[in-house]
Amino acid sequence: MPAAESRWRRWLDSDIAWSFRRSPVAILAAVVALICVVGALFAGWIAPHDPFDLASLELMDALLPPAWTAEGRATYLLGTDDQGRDVLSGILYGARISLLVGVGSVVVAMVLGVSLGLLAGYAGGSIEAFIMRVADVQLSFPAILIALLVDGVVRVAMPDSAHGGQALWVLIASIGLSGWVQYARTVRGSTLVEKRKEYVQAARVIGRHPVAIMFHHLLPNVLGPVLVIATIHLATAIITEATLSFLGVGMPVTTPSLGTLIRVGNDFLFSGEWWITVFPGLALVALALSVNLLGDWLRDALNPRLR
Amino acid sequence: MAAFVLRRLVQAALVMAAVGLIAFALFRFVGDPVVFMLGQDATPAERAAMSAQLGLDQPFHVQYGRFVARAVQGDFGLSLRQLRPVSTLFAERLPATLELSLAAALFAVAVGIPMGVYTALKPRSWLSQAFLVVSLIGVSLPTFLIGILLILVFAVQLGWLPSFGRGDVVMLGGWSTGLLTVSGLKALILPSITLGLFQMTLIMRLTRSEMLEVLRADHIRFARARGLPDRLVHFRHALRNTLVPVITVAGLQLGSIVAFAIITETVFQWPGMGLLFIQSVMFADVPVMGAYLCLIALLFVIINLVVDLLYYAVDPRLRLDGAAAH
């Protein structure tokens, strides 16, 4: 299709693509992030074993070291845990949960923060004062503490929420709630600038509804910086999820994320089975660091002052 | 001045009232205290009597007011898991968390500032590059992974340092301290490095950038022109001017250190308030949870209030703004 091809050409010629080709760090980070994402998305096809299929587990294969050591076996590349589950397969499935929670909580924070930021910037007055005061107060606490407290309160208030699929939603909501402030502050700033421009005044003159002006006219013009925040926030959200799961108030052992795997493996550190906890840890660092570096690069690439 | 202080105080009080409301809602609506105290098979009449005795038949705002009045005196009731007063539990755990947090802060400042000064003075040396790599690792690794790695290397592989607990503690009055015994000090090393590493990298980077900026200032060039020795220029003229923002940030980070102690205490099974909180979440021990919520909020509110007031005392522009607004 010629139209698609020319769009692809245009993308290749754009400033961002040029800056990407010039930055070896960004390329490396993109490759690592891509490997993590593909591995997580297609865990069902890529993983050599299914860690949730109880029938295929062999207790005889428990606590095998990685394949390159003397007692290791080639079928279990990164070794096995105490139940005979393949560590590599566990990491692939765990990364899927970590990414799911990360992306989910970024979406929650983004929707909440962008809406409140638009509202504060466009409405002004006491609404703005209230929203920004709340944002200031929340900003004075570390985000991970807010997520931990919200998560803890919800768990105690609703004891059923600690299990399986429910824990996922609780985590997404609490990490999302802990991260909306950055979005709201940035969007409010750009909204204050944009709302004085002619196109917004024109829309107001022809009598469009304020909500329509905010989401139809203002939103597309304030979204640029939001993308950068979202990328960097994704790395933070993944680490926050891992921390909560490590503390035992995140994903349960039945549907483990990378943090849960590290927590479980931690018990075997002293008996010398380091691979159960070190490999999920490395996967977590690779995932979070590559996303973070991509975010840093994107911020610089989109910053007109650095061009 | 009075208006500014009053606004900040009102804001602080509002935050505490909101956190108190959450804690109270937990107390009141999670589980039924009457069933908890009387057991499942009490008669409705007994329940009503108990409910009246506990004041649970009063309107919501009266109950909340009574909760606040007791909380202000440090009375959060009994822990559901240990059946002991919550205030006693926290008093027992407080020394462990405070000693760990102060050791971490000390580590962050005592290591971070010299590293920052060195990397600013000798930016091209290989040691500076190594420091910057270390700081990158410190920023990007999650706290609990750093703890696990330290345990793996220094406790499991080398066997130099203990990996959990506080070691032997000595009672000084009501304060249990691990600072006076060899095993207590050894047990403190790994947790305080884990907890302080992030703040150390923060302080190092801040010291470095501030120092680089000050070294370009006129008074440094003038001091050099006067022929003062490098040591005097660097430490008397440059370092002094970088210390103000560094100390401000270090002070602001103190609250974060106490909050992040939750993670470090879990990794090292350190018997502090953070571990108490995590256990209370797992066992749905509502009074302990509510008390921790209020305590940590109070800590942050106080730190932010003090910093705001200090800024106000230091920066005259804030005073002008305040006067213009009123």
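Because the model is predicted, local features need pLDDT of at least 70 and side-chain atom pairs count only at pLDDT 80 or more, while totals for chains, interfaces and linings use all residues. Residues are numbered from 1 along each chain as its sequence is written, and chains are lettered from A and ligands numbered from 1 in the order in which they are written.

**Chain A as a whole**

- Chain A has 14 helices and zero strands; here helices (H or I, at least four residues) and strands (E, at least two) are DSSP runs, numbered from the N terminus.
- Reading from the N terminus on, the elements of chain A run α-α-α-α-α-α-α-α-α-α-α-α-α-α.
- Of the 307 residues in chain A, 46% are buried. A residue is buried if 20 or more other C-beta atoms lie within 10 Å of its own, exposed if 12 or fewer, and partly exposed in between, with C-beta atoms placed from the backbone.
- Among contacts in chain A between residues at least 6 apart in sequence, 68% join residues at least 24 apart. Two residues are in contact if their C-beta atoms, placed from the backbone, lie within 7 Å.

- The 18 residues of H3(A), residues 24–41, should span 26 Å at 1.5 Å a residue, and the end C-alpha atoms are 25 Å apart, which agrees. The expected span is 1.5 Å times one less than the number of residues.
- Buried in H3(A) are A:Ala26, A:Ala29, A:Ala33, A:Cys36, A:Gly39 and A:Ala40. They cover an arc of only 165 degrees around the axis, which puts them on the same side of H3(A); the arc is that of the directions from the helix axis to the C-beta atoms.
- An α-helix has 3.6 residues a turn, so residues three or four places apart point the same way.
- The face turned away from the buried side of H3(A) carries the exposed residues A:Pro24, A:Val31, A:Leu34 and A:Val38.
- The partners of the buried residues of H3(A) are helix H2 (15–22), helix H4 (43–46), H5 and helix H14 (275–302) of chain A.

- In helix H11(A), residues 210–222, A:Met214, A:Leu218 and A:Val222 are buried. The buried residues of H11(A) pack against helix H5 (87–123), helix H9 (180–194) and helix H10 (198–205) of chain A.

**Where the chains meet**

- Ala, Val, Leu, Ile, Met, Phe, Trp, Tyr, Cys and Pro count as nonpolar, Asp, Glu, Lys and Arg as charged, and the others, Gly among them, as polar.

**A helix pair in chain B**

- Helix H5(B), residues 86–121, and helix H8(B), residues 182–215, pack at an angle of about 35 degrees with their axes 6 Å apart. Axes are lines fitted to C-alpha atoms, for helices over the stretch in contact, and angles run from 0 to 180 degrees between N-to-C directions.
- By class, the contact of H5(B) with H8(B) has 23 nonpolar, seven polar and two charged residues.

- A:Gln166 is in helix H8(A), residues 164–177, and counts as partly exposed with 15 C-beta neighbours inside 10 Å. A:Gln166 and A:Met251 are 85 residues apart in sequence and 9.2 Å apart in space, C-alpha to C-alpha.
- B:Gln269 lies in the loop between helix H10 (230–268) and helix H11 (273–282) of chain B. B:Gln269 is exposed, with 12 other C-beta atoms within 10 Å, and has a positive phi of about 45 degrees although it is not a glycine.
- Most residues other than glycine have a negative phi.
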